[in-house]
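Here are a few notes to read alongside the model, meant for someone opening it for the first time. Keep the viewer at hand and go through the points in order.

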Amino acid sequence: MSSSYDESAGVDETMDSFWEVGNYKRAVKRIDDGHRLCNDLMGCLQERAKIEKAYSQQLTDWSKRWRQLIEKGPQYGSVERAWLAVMTEAEKVGDLHQEVKNGLLNEDVEKVKNWQKEAFHKQMMGGFKETKEAEEGFKKAQKPWAKKFKEMETAKKTYHMACKEEKLAATREANCKAEASVTPDQQKKLHEKVEKCKQDVQKAKEKYDKSLDELNKCTPQYMEQMEQVFDQCQQHEVKRLNFLKEVLLDIKRHLNLTENQNYATVYRELERTILAANSQEDLKWFSNNHGPGMHMNWPAFEEYNPDATNAVAKREKKKPDGVAPATPSTEHAGQPGDRGSVSSYDKNQAYSTEWSDDEQPNAYSGNETNGGGNSFEDDSGSARGGGSVGGGIGGGGGSGVRVRALYDYDGQEQDELSFKAGDELTKIEEEDDQGWCRGRLDSGRTGLYPANYVEEM
């Protein structure tokens, strides 16, 4: 069986024809659909813009978090710079995706909105001017032909009914001839009925032929007028289709970062930084700062000097007027260039992620590789001049004294606490001779903090 769909012409022969009465409404509806499709396109672009914004924010958050971990971690030298370059790549790519979002919203959506406003004019009573004009144009063009078509359909129905009556009369007459009980008078009446039906059929046929002929005569004019109105609809639609193609190309231009010179530059700079990593220079730096290349004041004989003092100045107990809080003793900060083994696991505990998916980044703890100790320093006791920390409060158990932070403090070493002004914590050991207290945050983390940064509650 051959298909009723002509693929070469794009015609489905099973559908009701456009030329049939009322079937022009599909062409009219297409105008309303065009307006709705503009709304759909704007909604589509707005959703994509949200995706671009969220991805940009995730890249920025990821880069910020890992930049802090890397900068505080044990990696050093040119390889550290290469690793940090990956964070820079994320920041720049995040900015580019933010530009994509801005382009979609500020240019593409606005362009569609403005075109829609110019192409479709709303009426006070509802609907669009273009839809009403098309509807009225088709009705006017179809009205004369529709009237003739209705007359033809009526004549056709009358003719078919007459043919049916004639056939029934002829059947009755034939049946009566075979029955002996039918009188000649009855046979005569049946014959006359058949003759009359034949005359009615002939009259109905002539009227049917005449109405069909009149319909055929007005068909060319009907087709011409309908095509004129349809062409006007096509002109309106071709503007929409061409505009849609144009705006889709604009969207592609905004989405395709491979055509953005800044995008290519990001990866050229990343590659350049990675290739610049020099293991020999890094090893030399480590040797000079943490190895045999370091300067050493070797022990030598010294005469007694009563004026010399090894006392360590205690910290100020109060914040001077107009001056920022004193920083902890430089003895605690370690040697210049010293990088403690900062555990990314510890950092994860205080980092609140806002990823949109369910997966969380793996926390690789520095404790797994170096036993949790600082590979560049001795224990915390020796870092504070060998003095022991003051006795615990209440035996150093879970009890302690509640204190409130007066100022912000960012821990400089792994065993220090960080807090903001106004935060509350528990002091679990008294101040030592260098001005440090041991405390516990509400999160359970314990560590050292400057005594003059807090006050008892």
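1. A definition to start with, since strand partners come up below: two strands pair if DSSP finds at least two bridges between them. Please also keep in mind that this is a predicted model.

2. First, the overall picture. The chain has ten helices and seven strands. Of its 457 residues, 32% are buried. Take the contacts with a separation of 6 or more: 71% of them come from residues 24 or more positions apart.

3. Now find the sheet. It is open, has five strands and runs in the order β6-β5-β4-β3-β7, with antiparallel pairing. At its edges sit β6 and β7 (454-456), each of which pairs on one side only. Ignoring direction, neighbouring strands in this sheet are turned against each other by 45 degrees on average.

4. On one flank, β5 meets strand β4 (residues 424-429). The two run antiparallel and are joined by three bridges. Glutamate 429 is the residue standing opposite arginine 438 of β5. Six residues lie between the strands of this hairpin, and glycine 435 takes a positive phi near 90 degrees there.

5. The other neighbour is strand β6 (residues 446-450), again antiparallel to β5, with five bridges joining them. Which residue of β6 is the bridge partner of arginine 438? That would be leucine 448. Arginine 440, for its part, stands opposite threonine 446 in β6. Between β5 and β6 the hairpin has five residues, and in the turn glycine 444 shows a positive phi of about 100 degrees.

6. What about burial in β6? Four of the five residues of β6 are buried, so the strand is largely enclosed by the rest of the structure.

7. Over to the helices. Helix α1 (residues 25-72) and helix α2 (residues 77-119) have axes that come within 8 Å and cross at roughly 165 degrees. That makes the two roughly antiparallel, because angles over 145 degrees count that way. The residues of the α1 and α2 contact divide into 22 nonpolar, ten polar and eleven charged. As for handedness, α1 passes α2 in a left-handed crossing.

8. Helix α2 has another partner, helix α5 (residues 261-275). Their axes come within 9 Å, crossing at roughly 175 degrees, and α2 and α5 are therefore roughly antiparallel to each other. By type, the residues in this contact divide into ten nonpolar, two polar and four charged. From α2 the contact includes Arg81, Ala82, Val86 and Leu96, while α5 contributes, among others, Asn262, Tyr263, Leu270 and Ile274.

Methods:
Residues are numbered from 1 along each chain as its sequence is written. This is a predicted model: local features need pLDDT of at least 70, side-chain atom pairs count only at pLDDT 80 or more; totals for chains, interfaces and linings use all residues. Side-chain values use heavy atoms; hydrogens and water are left out. Axes are lines fitted to C-alpha atoms, for helices over the stretch in contact, and angles run from 0 to 180 degrees between N-to-C directions. Angles under 35 degrees count as roughly parallel, over 145 as roughly antiparallel, 65 to 115 as roughly perpendicular and the rest as oblique. A crossing is left-handed if the near helix is turned anticlockwise from the far one by less than a right angle, and right-handed if clockwise. Ala, Val, Leu, Ile, Met, Phe, Trp, Tyr, Cys and Pro count as nonpolar, Asp, Glu, Lys and Arg as charged, and the others, Gly among them, as polar. Contact means heavy atoms within 4.5 Å. Buried means under 20% relative accessible area, exposed over 50%, partly exposed in between (1.4 Å probe, protein chains only).
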